[in-house]
Amino acid sequence: MIIDLRSDTVTKPGDGMLTAMMSAETGDDVYKEDPSVNELEARVAQMFGMEAALFFPTGSMANQAAIKLHTQPGEQLVCDKWAHVYNYEGGGVSFNSGVSCKLIDGHRGMITASQVLESINPPDFYHSPLTSLVCIENTTNKGGGACYDLEELKKIKKVCDAHDLGLHLDGARLMNAIVANNENPEDYGNIFDTISICFSKGLGTPLGTVLVGKNTLMQNAIRVRKVLGGGMRQVGYIAAAGLYALDNNIKRLADDHQKALEIAACLEQQEYVKSLEKTETNIVIFYLNDEHSEEKFMNDLLKENIKISNMGHGKLRIVTHLDYTDAMHTRFLNVLSSYL
Ligand SMILES: *Cc1c(COP(=O)(O)O)cnc(C)c1O
């Protein structure tokens with residue numbers, strides 16, 4: 001039994017999802033003739049109270065397309081220094097859109113409205129790049145699954161409106177935040193111009209992300225997706241997994257959150273652990289005491305067939321997910337308590 005806690009992307013479709021996929025109605029989605037993709041896009045748009053939706057193969061591509069829709073080359077976006085769009089999308093911001101990033105020194109990957117306000121270049125000061133977009137991440141990845149306060153997001157929206165800035169949400173794990181805080185997807189649809197919602201993280205599909213947004217912005221999205229190489233054909237087999245996930249895999253995210261809390265509580269009691277970030281969703285970030293090396297700790301876990309992630313700077317990461325069973329959980333807690 002391998003216990004893979006490196007990421008919530010490692011899940012494989014179970015019987016129910018596979019059956020849904022195998023029996024999907026499909027067509028050529030480049031002609032917009034795939035009924036399963038059309039249904040998924042319509043359902044996600046409706047869920048978020050957004051006008052338009054488009055299915056993408058990856059979260060990175062959906063974010064990159066959104067950035068392209070919001071900006072012109074030479075402009076600048078504002079994001080936290082830990083943002084996925086800046087750190088983990090291969091430099092796509094500059095490669096695809098010719099845009100630079102103003103990095104904010106936020107808290108656990110989250111930025112405030114006043115930080116956004118301070119980071120806007122004066123539009124009439126032609127020496128500096130024109131600020132045109134703010135990118136938010138919820139939950140934060142590098143920030144350890146931390147969740148924004150909706151009130152702060154509304155304040156950020158006000159700043160964006162006052163300064164004519166677009167507002168994009170990288171919602172790779174947005175459903176985790178919504179479940180953890182008992183929120184509604186429309187709360188987010190009301191605030192953001194575009195939102196990417198990933199299906200291959202906590203929702204457990206093999207791939208796929210839906211980008212939702214306002215019609216005015218989204219009308220060019222299909223062209224940008226084509227340019228990025230993301231026009232897919234009979235992709236209804238995958239969209240069917242997404243439809244299955246909407247029906248079956250949202251509420252259960254609470255189980256992942258509960259297990260993550262129990263792991264955090266267990267780690268907190270261990271002498272070899274120096275500190276932990278607060279666990280809010282399905283990500284646990286912790287640091288070892290100085291006399292323990294991360295490499296040795298990870299290797300010792302590997303000998304027990306347990307995989308976790310090293311995020312650098314002493315940061316170790318555990319992510320719970322659909323394929324992390326109760327039996328694995330019991331075993332993992334035992335290994336953690338008896339380590340040393
Ligand atoms: C996983 C993730 C994405 C999407 O990554 P892909 O590898 O392209 O699926 C985007 N943003 C965040 C915060 C993520 O964690």
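The lining of the largest pocket divides into five nonpolar, 11 polar and five charged residues. Here Ala, Val, Leu, Ile, Met, Phe, Trp, Tyr, Cys and Pro count as nonpolar, Asp, Glu, Lys and Arg as charged, and the others, Gly among them, as polar. This is a predicted model, where local features need pLDDT of at least 70, side-chain atom pairs count only at pLDDT 80 or more, and totals for chains, interfaces and linings use all residues. Residues are numbered from 1 along each chain as its sequence is written, and side-chain values use heavy atoms, with hydrogens and water left out.

Now the pocket itself. In total, 21 residues line the largest pocket. Gly59, His84, Ala172, Cys198 and Lys201 lie nearest its centre. H3 supplies the largest share of that lining, three residues. Helices (H or I, at least four residues) and strands (E, at least two) are DSSP runs, numbered from the N terminus. The volume of the largest pocket is about 210 Å³.

How are pockets and cavities found? On a 1 Å grid over the protein atoms alone, a cavity is a set of points where a 1.4 Å probe fits but cannot get out. A pocket is an open set with protein on both sides within 12 Å along at least five of seven lines. Lining residues have an atom within 4 Å of a point. Grid points are joined across faces, edges and corners, and a volume is the space filled by probe spheres set on the points.

Next, the ligand. Which pocket does the ligand take? The space taken by the ligand is the largest pocket. The criterion is that more than half of a molecule's atoms lie within 2 Å of the grid points.

The shell around the ligand holds Thr58, Gly59, Ser60, Asn63, His84, Glu89, Glu137, Asn141, Asp170, Ala172, Arg173 and Lys201. By class, the shell has one nonpolar, six polar and five charged residues. Helix H3, residues 59-70, gives the most to this shell, with three residues.

Polar contacts next, meaning pairs of N or O atoms within 3.5 Å; within protein, one must be able to donate a hydrogen and the other to accept it, and residues adjacent in sequence count only if both atoms are side-chain atoms. Glycine 59 has a backbone N or O atom 3.4 Å from a ligand oxygen atom. For arginine 173, a polar side-chain atom lies 3.0 Å from an oxygen atom of the ligand. For lysine 201, a polar side-chain atom lies 2.8 Å from a ligand oxygen atom. Taken alone, the ligand exposes 390 Å², and the protein buries 82% of that. Those areas come from the Shrake-Rupley method with a 1.4 Å probe; for residues, only the protein chains shown count as cover.

On to the second largest pocket. About 160 Å³ of space lies there. Its lining is Ile2, Asp4, Leu5, Val10, Lys12, His321, Asp323, Tyr324 and Met328. That makes five nonpolar, one polar and three charged.

What about cavities? There are two of 30 Å³ or more. The largest cavity holds about 50 Å³. Gly171, Ala172, Arg173, Leu174, Met175, Asn176, Ile197, Cys198, Gly202, Leu203 and Leu253 line the largest cavity. H8 gives the largest share of that lining, three residues. The classes there are seven nonpolar, three polar and one charged.

The second largest cavity has about 30 Å³ of space. Among its lining residues are Trp82, Glu137 and Asn141. Its lining has two nonpolar, four polar and three charged residues.

Last, two backbone points. Asparagine 138 and threonine 139 are joined by a cis peptide bond, with omega about -5 degrees. Threonine 139 sits in the loop between strand E5 (131-137) and helix H7 (150-162). Asparagine 305 is not a glycine, yet has a positive phi of about 65 degrees. Asparagine 305 lies in the loop between helix H14 (294-303) and strand E11 (306-307).

Methods. Near = heavy atom within 4 Å.
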